[in-house]
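Reader: I would like to learn how to read the features of a structure like this one. Please show it first.

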Amino acid sequence: MSGSAAPDLVEQARIAFDRALQRNIKGLGYFTSPDPVLGASAKDVLIQRGTMNLYHYRAQSDEVYRVPLLLVMATTNRGYIFDMVPGQSLVEFLCKRGYDVFMLDWSPPRPDEYGLSLEDYVLDFIPAAVERIAQETGEPDFTLVGYCFGGVLAALWAALHSPGPMKNLVTFTTPVDFTAMEMFQAWSDKRFFDVDRLVETFGCCPAEMLYTSFDLLRPAQRVAGQIRLLDNLWNDEFVKSYRMFDRWTSDMLPLAGEYFRQTTKALMWENRLMHGAMTVGGRPVDLSAITAPFLHVVAEHDHIVPRAASAPLIDKVGSTDKEEVVLKGGHVSLVAGGNAVKRLWPRLDSWLQERSL
């Protein structure tokens with residue numbers, strides 16, 4: 001062994017020993033420390049009505065754009081994915097960039113809300129939020145931003161209220177062709193999945209069922225993640241990030257039974273939105289009626305809403321000012337985390353600036 005190689009091996013051994021020691025020490029802290037505090041940006045609760053929550057985030061800049069912005073979260077998850085921790089919060093970023101930010105977030109539906117339907121979300125909850133934002137800001141228009149199925153709800157509302165107060169529409173990882181969600185198609189196949197019996201038995205779609213469904217999309221991912229965590233317990237930043245995302249992904253919400261029944265039959269079984277046959281409250285949904293400026297963001301490596309499921313939306317919307325952006329990342333890393341900070345957030349800010357005056 002040459003003289004130069006020996007010091008290298010000694011240094012590598014020292015680093016490995018130090019990391020092993022830190023893993024043991026910090027491993028104890030990991031299991032005894034409380035969960036990270038997420039969603040802590042200063043805000044006011046404007047509406048809290050059963051499953052519906054409307055937040056207004058406090059300004060973090062001296063000048064604020066005229067057009068307020070409403071974030072609509074997917075009904076299966078908590079909205080704090082938009083507001084993780086300082087420095088990794090889309091809400092904080094937007095507030096510091098001068099936007100007046102509101103968010104429509106969800107709580108678990110109460111037993112007396114198990115009969116909530118798609119109509120309640122599209123024709124009651126979103127309109128109530130839009131009306132309150134207008135009262136709060138005094139502005140006649142706003143930008144609507146929907147994430148995942150929150151984007152579906154946003155698009156349904158926009159199509160039924162066009163022309164209307166919506167100045168801009170933005171969707172992230174939003175499905176329109178549900179046949180392209182192949183694993184969910186297999187699990188919800190009506191030959192084997194009795195959605196009526198599920199709803200009649202439980203009243204809702206249990207959060208545990210949803211969590212397992214998402215987990216099974218990549219069955220080895222949780223174990224692999226835990227192995228990476230064990231290997232990186234010495235790294236405080238890795239542990240911090242792991243704990244944030246692990247808490248969010250496991251914090252699933254049950255879905256109101258009637259709402260789940262409707263969306264399963266109309267979207268998963270009949271693919272009505274893709275075929276132009278969707279109705280809400282008896283009113284036909286025509287996505288081509290949406291004419292406001294439209295930004296459609298797709299994740300290149302999305303395993304939950306594959307690109308094939310979301311790609312058709314850009315052509316179905318009738319806007320002349322519309323743009324599809326495909327960014328590297330997955331369903332979650334598109335909107336939160338280090339990659340989102342560098343990719344999606346600046347792109348969103350750039351698109352919104354001239355359309356928020």
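Author: What follows goes from the overall fold to the salt bridges.

Author: This is a predicted model, in which local features need pLDDT of at least 70, side-chain atom pairs count only at pLDDT 80 or more, and totals for chains, interfaces and linings use all residues. Residues are numbered from 1 along each chain as its sequence is written, and side-chain values use heavy atoms, with hydrogens and water left out.

Reader: What share of the residues counts as buried?

Author: Buried means under 20% relative accessible area, exposed means over 50%, and partly exposed lies in between, with a 1.4 Å probe and protein chains only. Here 50% of the 357 residues count as buried.

Reader: And what about contacts between residues at least 6 apart in sequence?

Author: A contact means heavy atoms within 4.5 Å. Among contacts between residues at least 6 apart in sequence, 82% join residues at least 24 apart.

Reader: How many salt bridges does a search of the whole structure find?

Author: A salt bridge is a side-chain nitrogen of Lys or Arg within 4 Å of a carboxyl oxygen of Asp or Glu. The search finds 18 of them.

Reader: Where do Glu136 and Arg132 lie?

Author: Both belong to helix α3 (residues 118-137), four residues apart, which is about one turn of the helix.

Reader: Which residue forms a salt bridge with Arg261?

Author: The partner is Asp196, with the closest N and O atoms 2.7 Å apart. Arg261 is in helix α10 (residues 257-269) and Asp196 in helix α6 (residues 195-202), so the pair ties together parts 65 residues apart in sequence.

Reader: Are these two residues buried or partly exposed?

Author: Arg261 counts as buried, at 16% relative accessibility, whereas Asp196 is partly exposed at 24%.

Reader: What do the side chains of Lys265 and Asp196 form?

Author: They meet in a salt bridge of 3.1 Å, N to O. This pair links distant parts of the chain, Lys265 in helix α10 and Asp196 in helix α6, 69 residues apart. Lys265 is partly exposed, with a relative accessible area of 26%.

Reader: Which residues are linked in a network of salt bridges?

Author: The network links Asp196, Glu258, Arg261 and Lys265.

How values were computed
Helix = DSSP H or I, 4+ residues; strand = E, 2+ residues; numbered from the N terminus.
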